Amino acid sequence: MAENGHSFEMDVLPHVETLSGLAMKYTHDKCEAEDLVQEVLMRAYSSYDTFKPGTKSLAWLCCIMRNTFINRYRAKKREKAMIEGVSYVKSVHIGASASAEDALESEDLSKGGFFYAFSDEMMQA
């Protein structure tokens, strides 16, 4: 990888401070920023053979950081949506069964009969 006297250390490592500052602007969290910088450096190292010596390494690194941040943001958004969806399904299912169980255990069941334990939505289904 040391092509024309260039190396990863010469091209990338001088920009770590700048990358750290940019990562803080993106994430607003020190730990997240450190993780982002580490991932950017790993990606830059693994794809260093695509870097063209003589071009601006900081611009290349910033592009990697931007894309990595966007990918992480989208992944977190998808994960959050999945978790919220599962939570909603669980709460609806648990809520319905919990209220039926509560009604079965309560003394009011004897007043309204067996179907009193189930909600109107469950009865219509």
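## Helices and the model

Helices are DSSP runs of type H or I that hold at least four residues, and they are numbered from the N terminus. The structure described here is a predicted model. Within helix H3, glutamate 39 and arginine 43 are four residues apart, so about one helical turn separates them. This pair forms a salt bridge, in which the closest N and O atoms are 2.9 Å apart.

## A network of salt bridges

How many salt bridges does a search of the whole structure find? The search finds three. Side chains of opposite charge can pair when their charged atoms come close. Glutamate 39 also meets arginine 72 in a salt bridge, at 2.8 Å from N to O. Because arginine 72 lies in helix H4 and glutamate 39 in helix H3, this pair ties together parts that are 33 residues apart in sequence.

Is glutamate 39 buried or exposed? Its relative accessible area is 18%, and the limit for a buried residue is under 20%, so glutamate 39 is buried. Arginine 43 has 37% relative accessibility and therefore counts as partly exposed. Arginine 72, at 23%, also counts as partly exposed.

## A salt bridge between lysine 76 and glutamate 32

Another salt bridge joins the side chains of lysine 76 and glutamate 32, with 2.8 Å from N to O. Here too, distant parts of the chain are linked: lysine 76 belongs to helix H4 and glutamate 32 to helix H3, and the two are 44 residues apart. Lysine 76 has 45% relative accessibility, so it counts as partly exposed. Glutamate 32 is likewise partly exposed, at 28%.

## Lysine 30

Helix H3 also contains lysine 30. With a relative accessible area of 57%, lysine 30 is exposed, because the limit for an exposed residue is over 50%. Lysine 30 and serine 20 are 10 residues apart along the chain, and their C-alpha atoms are separated by 9.0 Å.

In soluble globular proteins, nonpolar side chains tend to be buried together. In this model, the largest nonpolar core has 16 residues, and Leu19, Trp60 and Met65 have the most contacts inside it. At least two residues of this core come from each of helix H2 (16-27), helix H3 (30-46) and helix H4 (57-105). Which helix gives the most to the core? Helix H3 does, with six residues.

Tryptophan 60 touches Val12, Ala44, Ser47, Tyr48, Thr50 and Phe51, when residues up to four places away in sequence are not counted.

## Aromatic pairs

The structure holds six aromatic pairs. One of them is formed by phenylalanine 8 and tyrosine 48, which are edge-to-face, with 5.7 Å from centre to centre and 85° between the planes. Phenylalanine 8 lies in helix H1 (residues 8-11) and tyrosine 48 in the loop between H3 and H4, so that this pair links parts of the chain 40 residues apart. Both phenylalanine 8 and tyrosine 48 are buried.

Tyrosine 26 and phenylalanine 69 form a stacked pair, with 4.9 Å from centre to centre and 10° between the planes. This pair links helix H2, which holds tyrosine 26, to helix H4, which holds phenylalanine 69, across 43 residues. Tyrosine 26 is partly exposed, with a relative accessible area of 28%, and phenylalanine 69 is partly exposed, with 23%.

Phe8, Tyr45, Tyr48, Phe51 and Trp60 form one aromatic cluster.

Notes
Residues numbered from 1 in each chain as written. Predicted model: local features only at pLDDT ≥ 70, side-chain atom pairs only at ≥ 80, totals over all residues. Heavy atoms only, no water. Core = buried A, V, L, I, M, F, W, Y, C linked by side-chain atoms within 4.5 Å. Buried < 20%, exposed > 50% of the residue type's maximum accessible area, 1.4 Å probe, protein only. Contact = heavy atoms within 4.5 Å. Salt bridge = Lys/Arg side-chain N within 4 Å of Asp/Glu carboxyl O. Phe/Tyr/Trp six-rings, centres within 6.5 Å; stacked < 30°, edge-to-face > 60°.
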